[in-house]
There are 2 protein chains.
Amino acid sequence: MGRWEPDARGRLEEAAMALYSLRGYENTTVAEIAERAGLTERTFFRHFADKREVLFGAAGTFRERLLAPVVAAADEVAPIDALAAGLGAAAEMLQERRDFSRQRQAIIASSGELQERELAKLASLAGALADALRARGIQEPAASLAGEVAIAVFRAAFERWIADEDDVDFPQLISDSLGQLKALAGGATPRPKTLPVSG
Amino acid sequence: MGRWEPDARGRLEEAAMALYSLRGYENTTVAEIAERAGLTERTFFRHFADKREVLFGAAGTFRERLLAPVVAAADEVAPIDALAAGLGAAAEMLQERRDFSRQRQAIIASSGELQERELAKLASLAGALADALRARGIQEPAASLAGEVAIAVFRAAFERWIADEDDVDFPQLISDSLGQLKALAGGATPRPKTLPVSG
DNA sequence: ACGCCGATGACAGTCGCTGCCATCAAGCCT
DNA sequence: AGGCTTGATGGCAGCGACTGTCATCGGCGT
């Protein structure tokens, strides 16, 4: 595998997390990350497309956990319940690494570039959820809308989970957010094409 | 104002749109944009924070149009109807510049960097909507969730509007998307804490 | 022992982006 | 008219992210 020590990729991820936390993302150069990992800058870019991507190594596993329940759900299960199952599974996965998730989120929150990348990753997940729903017979644009709404539900629950002092149950927060979604969408009046909004 | 010709900012925006369309975003350098606008690279970065931002000059106006109806809505109006009014106003604004919107969206769709920036802009709008809802008494995390759901509704309608051959009514598409949202969230069963997803 | 191959190092180069200072144009004051 | 101030611009040097290219090293099979 590697020329000397094994798991070059993992060492780069660890070095990046440590340096981003210590000096901040923008004050850390790729060369410094590589040096800390015992590698060169050029090798960093062979393992990660750019300076941001090193924080998203677990995105693949997360995606699988999120999608599996949606794909596996029986046909009779309502779309929102299939999505809820996926969100719950994803939440359980993160709950096993709460400290890691918090540190990672603190880093991302400190940099606009990283927030943009995270939004892109979440949008990609929304698209994958939409694909899974289409496979279940849901048409566009309902499938895409549902995928994005599911991600919005996840984000709302995730923020509470990260912010909460106590070790609250993440899947339960997902369930709460879903309840709020239903309150929002369900308690409304039929919509005229143009609403009287002022005067 | 300017040293020679007026509206340096506008000239840079036009030059960027033209070059991004002609050779693609990644094959266009900032120096080329500046040269086409009769300016220098250094001046480009005085008007725009980075190479992406030059495509988002109208974001401020769009934000105002989106937010105004939400802020101005009477207290009795349900949150989702206030959001619907804002989305409708924003849609009307874009409908007046359909060709421009299409060209701009084609550019954004061609570059991952630009898609990330657009997602960040949309997320910022979702946050602003959440702020407006909080001013109306909606608590967190319902306000943030509602803001993001509203943006998801907008995106679903926007994609249809851009893709459609005919000149369909954008505000009507917004209304359709809202209907799909209600179908998604309203037609669900109560949620058990753990769902049977497999086996 | 030899050769193959994937991973790494080394180097040069482009481009996005910033700091610093000089320069120019226009308005204002005397 | 002449000089001063102010805001926008040009020019230049430099850093850091990222890429292409080639040499090199280590492990592996034969």
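Guide: Let's start with B:A152, which lies in helix α8 of chain B (helices are DSSP runs of H or I, at least four residues, numbered from the N terminus). This is a predicted model, where local features need pLDDT of at least 70, side-chain atom pairs count only at pLDDT 80 or more, and totals for chains, interfaces and linings use all residues. Residues are numbered from 1 along each chain as its sequence is written, and chains are lettered from A in the order in which they are written.

Visitor: Is B:A152 buried or exposed?

Guide: A residue is buried if 20 or more other C-beta atoms, placed from the backbone, lie within 10 Å of its own, exposed if 12 or fewer, and partly exposed in between. B:A152 has 24, so it's buried.

Visitor: Which residues is B:A152 in contact with, leaving aside its neighbours within four places in sequence?

Guide: Contact means C-beta atoms, placed from the backbone, within 7 Å. For B:A152, that gives A:L145, A:E148, A:V149 and A:A152.

Visitor: How many residues does the contact between the chains take from each?

Guide: The contact takes 49 residues from chain B and 49 residues from chain A. On the chain B side, α8(B) gives the largest share, 12 residues.

Visitor: How do I check a helix's length?

Guide: Expected span is 1.5 Å times one less than the number of residues. Helix α7 of chain A (residues 112-135) has 24 residues, so it should span 34 Å; its end C-alpha atoms are 35 Å apart, which agrees. Just after α7(A), A:G137 takes a positive phi of about 100 degrees.

How values were computed
Contact = placed C-beta atoms within 7 Å. Helix = DSSP H or I, 4+ residues; strand = E, 2+ residues; numbered from the N terminus.
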